[in-house]
Amino acid sequence: MSQTTHAGTHEHHDDHDHGPPKGIKRWLFTTNHKDIGTMYLVFALIMLFVGGAMSLVIRAELFQPGMQFVHPDFFNQMTTMHALIMVFGMIMPAFVGFANWMIPMMIGAPDMALPRLNNWSFWILPFASLLLLSTLFMPGGAPASGWTMYPPLVLQTGDAFPFLIFSVHLLGMSSILGAINIIVTIMNMRAPGMTLLKMPMFCWTWLITAYLLIAVMPVLAGGVTMLLTDQYFGTSFFQIAGGGDPVLFQHIFWFFGHPEVYIIILPAFGIISQILPTFSRKPLFGYESMVYAVAAIAFLSFIVWAHHMFTVGMPLAGQLFFMMSTMLIAIPTGVKIFNWTATMWRGSISFETPMLFSVAFLFLFTIGGFSGLMLAIVPADFQYHDSYFVVAHFHYVLVPGALFGAIAGAYYWLPKWTGHMYDETLGKVHFWLSAIFVNITFFPQHFVGLAGMPRRIPDYATQFADFNMISSIGAFGFGFSQLLFVYVIIKCVKGGQKATDQVWDNPEGLEWTVPSPAPYHTFDTAPVVK
Amino acid sequence: MPSRIAKLLHRLFVVLPLAGIAAAQAEAPRWQVNMPVGVTPISRETYELHMLILWVCVVIGVIVFGAMTYALVKFRHSKGAVPARWSHSTTAEVIWTVIPTIIVVWMAYVATPLLIKIEDTRGAELTVKITGYQWMWEYEYIGHDVRFFSVLAEESNAARRLRSGIDPFTVENYLLDVDEPLVVPTNTKIRYLLTSNDVLHAWWVPDFAVKRDAIPGRINEGWFLVEEPGTYRGQCAELCGKDHGFMPIVVVAVPPEQFTAWLDERRDVQYAGREEQAPRLGAVN
Ligand SMILES: [Cu+2]
């Protein structure tokens, strides 16, 4: 793809690099894409544990039948907040962090195109998240209507209600600003010779993700604003007493919600597409068809939303349409899986930690894809819908899918960020613990779901006891294994074997042509890409 | 006085016969890993469709995971594998675009007739209106002047309190039992009309392969035809607030003659208990 002339980057930065200011001001006022990327990533890591702690409250209560620890309403607050935090506070910021750090270095740009906007879009996040978390201490508790915020139930939220809406507005605004920045950067700041079809896959997946964000975040903002006016200003968008319809909200929500699924997974696709070629020592198979597959997935994601709501009672024609369009997504997604496999085929594969997480991603994301295909079949979906089968499905695509993609990316670029190699042994231990526990946690949920256990219940019939206990054990194992991840990161930041510029065995991409750690300013003079 | 008669009648004709049927049903097995086959023509076909797509996924999975595993084992750097330099093959890409396309179109083709059948509510012999409440169900036999509420059974309700000290394993059908079940005749096409009085709920009975949302301001409809007498249990499947997990569904299917007799008795109970029941129904209306 891209080979670069080395001149300019290496020698040049020494006399130009003035380094960051010291202290808190560096982080508050920074416009540097690397600093902002770091803040996004650290923030996401913290939120991983906040959201994770909530999931452990859920799994502790579900360890045995009977109510042992929390009241049902608090349980619902936990499921709701866990989802909101993990989606808007953890996984999305994590990938924006990767975008900030890597996209300018990958396309040979000195920084993001809109650095001040970049600072703002990050600093909205902690405040929006704190606003959301503060609802836990309000009269009536945190929102408990599920992250889907379906009316009329969401209108029964206590004092937390307007804070929920406002924090969703803020989190959405932060995402939109980040997306604008990424699009402008990729469109305008590419180094000479870096044509769109020479860009690394990670840039492509993020470019398309950014367009998805701009298209659907305003839809969510509009939907929740309608909730707000229904609650306080006498409108009746979703209130039947005034001629409204609660199902309308579901259409609005999922018109946002399904592209949102791809907003979460596409950057992970990009990271995997960077890592597999490096450790297979072979170029990415079918680069152009990968780009078109991502574009096709993004397009299809706009016309499948009602598959989340087959049970609301749609006309037959509507059900058939959404069944077919949903199954079509399997085709470009299949192309990606096959191309990744072909990338490894006849390669020369080694198993460093980023590769291990990527291989696990390939296997386990595919399992999530299979259950997704099953869920698309409407008659069968009538059984699967809102059961633990669905919980298993989306956790397979989100945890060993999106989250493993992010973890793989962290290990892959940590040496470039810190200048040190991470502890490979500990990394591998972290991988095996995560890969084993994630399956112990989520695989049994397929079984209880098929056997008839609804999702979002704080207590269950005794027939589901055994698999729930296994699932809870897995969840605690997975949660505590992530502490090891934090330890490996801290250890790597503090020291370790000095990383070379290339870090890995002849990887492709401009980021490997700059020193490790990457200097504060890179590519002040644009590299020439042949 | 009428209320005492009502209770007695209720005992004699409603609770006891149904309790006999309920007791004959073993509790659901633990370690169940698959969807129940169920007891309606639709549930059987749904199960078969589910197994079909499952096996399609298994076959694709074996091929794809097999290829991945082969690559991971065979082309290892540590074994001195030398990487090939190719990164493109139009033939391969056409093959793995076309084959999945054929598979998904075929799967949609297979699923469509069943979906059409599910949506065809014509020719129903009995209509039951089901209304969701926070947190109970109301059943009304349209045209038969019988309606009642169905709430979580007392034993389960006591055991499910926070730190109740009651072991759920000692409670029969924990969380899946109600004070008064929906009674339906076997081998009869039953249409249900589904709505809600407050928030969204969903009426789910796995053995019937029926799950549909109860939505305020809307009336959803569907149907089922139970072939085997018995007691079938399900739960609310749409988050509806704090006691979402505590509003189960129990359906008892009895032979049509027994159902007719039950319906008549139940109507008498309702009239005998009018003085007692009236305020409760009035509060709902
Ligand atoms: Cu309910």
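A: At 31% relative accessibility, Ile440(A) counts as partly exposed; buried means under 20% relative accessible area, exposed over 50%, and partly exposed in between (1.4 Å probe, protein chains only). The model is predicted: local features need pLDDT of at least 70, side-chain atom pairs count only at pLDDT 80 or more, and totals for chains, interfaces and linings use all residues. Residues are numbered from 1 along each chain as its sequence is written, chains are lettered from A and ligands numbered from 1 in the order in which they are written, and side-chain values use heavy atoms, with hydrogens and water left out.

Ile440(A) sits in helix α15 of chain A. Helices here are DSSP runs of H or I with at least four residues, strands are runs of E with at least two, and both are numbered from the N terminus. Together with Trp432(A), Ile436(A), Ile470(A) and Trp31(B), Ile440(A) makes a nonpolar surface patch of about 480 Å². Patches are made of residues with over 30% relative accessible area and no salt bridge; nonpolar side chains (Val, Leu, Ile, Met, Phe, Trp, Tyr) are joined within 5 Å, like charges within 9 Å. The areas come from the Shrake-Rupley method with a 1.4 Å probe, and for residues only the protein chains shown count as cover. Helix α15 (residues 424-451) gives the most to this patch, with three residues. In general, an α-helix has 3.6 residues a turn, so residues three or four places apart point the same way.

Both chains also take part in a salt bridge between Asp466(A) and Arg30(B), whose closest N and O atoms are 2.8 Å apart. This pair crosses between chains, from helix α16 (residues 465-494) of chain A to the loop between α1 (2-24) and α2 (41-74) of chain B. A salt bridge is a side-chain nitrogen of Lys or Arg within 4 Å of a carboxyl oxygen of Asp or Glu. Asp466(A) is buried at 14% relative accessible area, while Arg30(B) is partly exposed at 40%.

By this rule the count is 17 salt bridges over all chains. Within chain A, Asp35(A) pairs with Arg26(A) at 2.7 Å, N to O. Asp35(A) is buried, at 2% relative accessibility, and Arg26(A) is partly exposed, at 21%.

In chain B, Arg191(B) and Glu221(B) form a salt bridge at 2.8 Å, N to O. The pair links distant parts of the chain, strand β5 (residues 190-196) and strand β8 (residues 220-224), with the two residues 30 residues apart. Arg191(B) is partly exposed at 25%, and Glu221(B) is partly exposed at 30%. Salt bridges that share partners also join Arg160(B), Lys242(B) and Asp243(B) into one network.

Helix α12 (residues 353-376) has 22 of its 24 residues buried, so α12(A) is largely enclosed by the rest of the structure. Ala306(A), in the loop between α9 (287-300) and α10 (316-328), is buried at 0% relative accessibility.
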